[in-house]
Amino acid sequence: MKILVINAGSSSLKYQLINMEDEHVIAKGNCERIGAEGGRISHKTADGVEIKLDCEFPTHTEAFEKLVEVLTSGKGRVLDDLSEISAVGHRIVQGAELFSESVLVTEEVIEKISSISELAPLHNPAHVLALRACQKVFDPSVPQVVVFDTAFHQSIPDYAYTFGVPYEDYLEFHARRYGFHGTSHRYVSQRYAKLIGKNIKDLKIITCHLGNGSSITAINGGKSIDTSMGFTPLDGVIMGTRSGSIDASLVLYLMEKKGFTPKEMSDYLNKKSGYLGISGFTNDDRDIRKAAAEGNKRAQLAGDILRYGIKKYIGAYTAAMGGLDAVIFTGGIGENSAPVREGACDHMEYLGIKLDLQKNLDLNRKEGEISTPDSKVKVWIVPTNEELLIARDTKEIINKIK
């Protein structure tokens with residue numbers, strides 16, 4: 001069984017073709033600059049063939065047509081016929097309270113995803129366009145499945161997702177904590193349980209998905225019970241260009257002082273803050289670490305803010321779950337930054353966390369345990385694989401309808 005996994009943005013279409021017999025990636029790529037001039041497709045096969053073609057993609061339909069073309073013809077061909085694709089799985093950012101699990105695509109499902117576009121205006125409209133385009137390019141007999149970033153967090157209790165504003169705002173405007181990166185948090189927690197040979201229902205885990213966007217999740221018995229991102233992905237720890245948690249009155253104060261419109265203020269908090277805003281020169285953790293090592297005080301401060309923020313969430317979520325068995329680091333920073341992991345776990349022995357500093361360095365970018373043998377709480381690096389989880393969900397759903 002071969003499953004095509006799609007991650008569509010407003011101007012891009014990332015894809016992976018996965019063989020579910022052994023779960024290896026047959027090919028992957030990205031269609032860029034959809035709806036703009038200078039479009040390009042980048043395509044790479046498992047045996048190392050790479051193709052980059054300049055193309056024009058007026059809509060997502062043309063992008064789908066081109067990715068089908070490179071999969072089935074030319075130097076990057078990995079399929080003899082399109083019929084070899086058993087199903088298509090789509091990543092969807094926002095499912096709100098309408099979806100608590102992955103589902104088969106129907107017209108009603110597409111309409112529901114479209115109906116909550118206001119909650120994710122940069123993502124859900126693009127997902128709908130991709131779903132429609134996929135329907136045009138593939139035969140109707142090819143099933144499609146949607147997997148939601150927010151679905152994993154639908155198990156969060158009301159006292160953890162409700163904001164302290166009038167309750168009518170939740171009822172009328174759906175104002176609540178949704179959380180994101182759910183596919184990643186679900187994958188790495190399940191992967192960890194499998195690696196140690198324990199039932200995830202018996203574990204209390206904190207997963208730290210750290211990258212240009214970062215979120216931390218408390219997982220009790222395999223279910224998300226709290227997460228750092230909120231109504232949008234802006235909330236939580238400091239990120240590449242996002243401020244993280246901030247006093248709402250400061251937002252109003254800065255709007256007045258700077259004369260910002262709501263849109264300008266949103267851009268300020270989402271695109272000009274975080275690492276970039278504190279350091280003044282970069283949103284990249286690698287640059288932050290290099291500059292900090294060279295004595296740049298603002299770079300040092302930016303890194304300290306992130307590490308301190310992670311530490312606070314670990315403490316808070318341990319209290320929320322009434323204990324802790326493991327802390328898992330994943331994502332671009334979580335998997336690759338030994339200093340961030342060390343700083344987040346520093347002086348946490350009172351919680352049972354003891355990091356092996358040498359393992360933390362040696363296992364950078366690799367899967368494995370980085371805590372000491374006598375650490376009561378285990379600390380692991382588990383590289384995320386959201387595409388594989390989407391493919392697994394897709395396979396499970398289509399097997400049920402056969």
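Modeller: Let's start at Ile 310. Leaving aside residues up to four places away in sequence, Ile 310 touches Cys 208, Leu 210, Ile 216, Val 237, Phe 329, Val 340 and Ala 344 (contact means heavy atoms within 4.5 Å). Before going on, the ground rules: this is a predicted model, where local features need pLDDT of at least 70 and side-chain atom pairs count only at pLDDT 80 or more, while totals for chains, interfaces and linings use all residues. Residues are numbered from 1 along each chain as its sequence is written, and side-chain values use heavy atoms, with hydrogens and water left out.

Ile 310 belongs to the largest nonpolar core, which has 34 residues; Ile 310, Phe 329 and Ile 353 have the most contacts inside it. A nonpolar core here is a set of buried Ala, Val, Leu, Ile, Met, Phe, Trp, Tyr and Cys residues joined through side-chain atoms within 4.5 Å. Buried means under 20% relative accessible area, exposed over 50%, and partly exposed in between, with a 1.4 Å probe and protein chains only. Strands S9 (204-209), S10 (215-220), S12 (326-330) and S14 (378-381) each give two or more residues to this core, and so do helices H10 (285-293), H11 and H13 (338-345). Helices (H or I, at least four residues) and strands (E, at least two) are DSSP runs, numbered from the N terminus. H11 gives the most, with eight residues. There is also a second, separate core of 28 residues, which includes Cys 31, Cys 55, Leu 67 and Phe 138.

Staying with H11 for a moment, that helix spans residues 297-321 and carries both Tyr 313 and Tyr 317, four residues apart, about one turn of the helix. Both tyrosines are buried, Tyr 313 at 19% relative accessible area and Tyr 317 at 4%.

On to the rings in general: the structure holds seven aromatic pairs. Rings of Phe, Tyr and Trp (its six-membered ring) pair if their centres lie within 6.5 Å; planes under 30 degrees apart are stacked, over 60 edge-to-face, and the rest tilted. One of the pairs is Phe 99 with Phe 148, stacked at 4.3 Å centre to centre with 15° between the planes. Phe 99 sits in the loop between S6 and S7 and Phe 148 in strand S8, so this pair ties together parts 49 residues apart in sequence. Phe 99 and Phe 148 are both buried. Elsewhere, ring pairs link Tyr 161, Tyr 167 and Tyr 170 into a cluster. Over the ring of Tyr 161 sits the charged end of Arg 176, 3.7 Å from the ring centre (the test is NZ of Lys or CZ of Arg within 6 Å of the ring centre and within 35 degrees of the ring normal).

Phe 148 also leads us to a sheet. Eight strands make up this open, mixed sheet, in the order S5-S4-S3-S2-S1-S6-S8-S7; two strands pair if DSSP finds at least two bridges between them. S5 (50-54) and S7 (103-104) are at the edges with a single partner strand each, so one side of each is left without a neighbour in the sheet. S6 (residues 85-92) runs parallel to S8 (residues 144-148), and five bridges join them. One of the bridge partners across that pairing is Val 147 in S8, which goes with Arg 91. Helix H2 (residues 107-115) packs on the sheet, touching S6, S7 and S8, and its direction makes about 30° with that of S8; axes are lines fitted to C-alpha atoms, for helices over the stretch in contact, and angles run from 0 to 180 degrees between N-to-C directions. S6 also pairs in the parallel sense with S1 (residues 2-8), over five bridges, and there Leu 4 has Val 88 of S6 as its bridge partner. S6 is mostly covered, with six of its eight residues buried.

Most residues other than glycine have a negative phi. Arg 33 has a positive phi of about 60°; its place is in the loop between S3 (24-32) and S4 (40-45), and at 44% relative accessible area Arg 33 is partly exposed. His 181 has a positive phi of about 60° too. His 181 lies in the loop between H5 (167-173) and H6 (182-196), and counts as buried at 13% relative accessibility.
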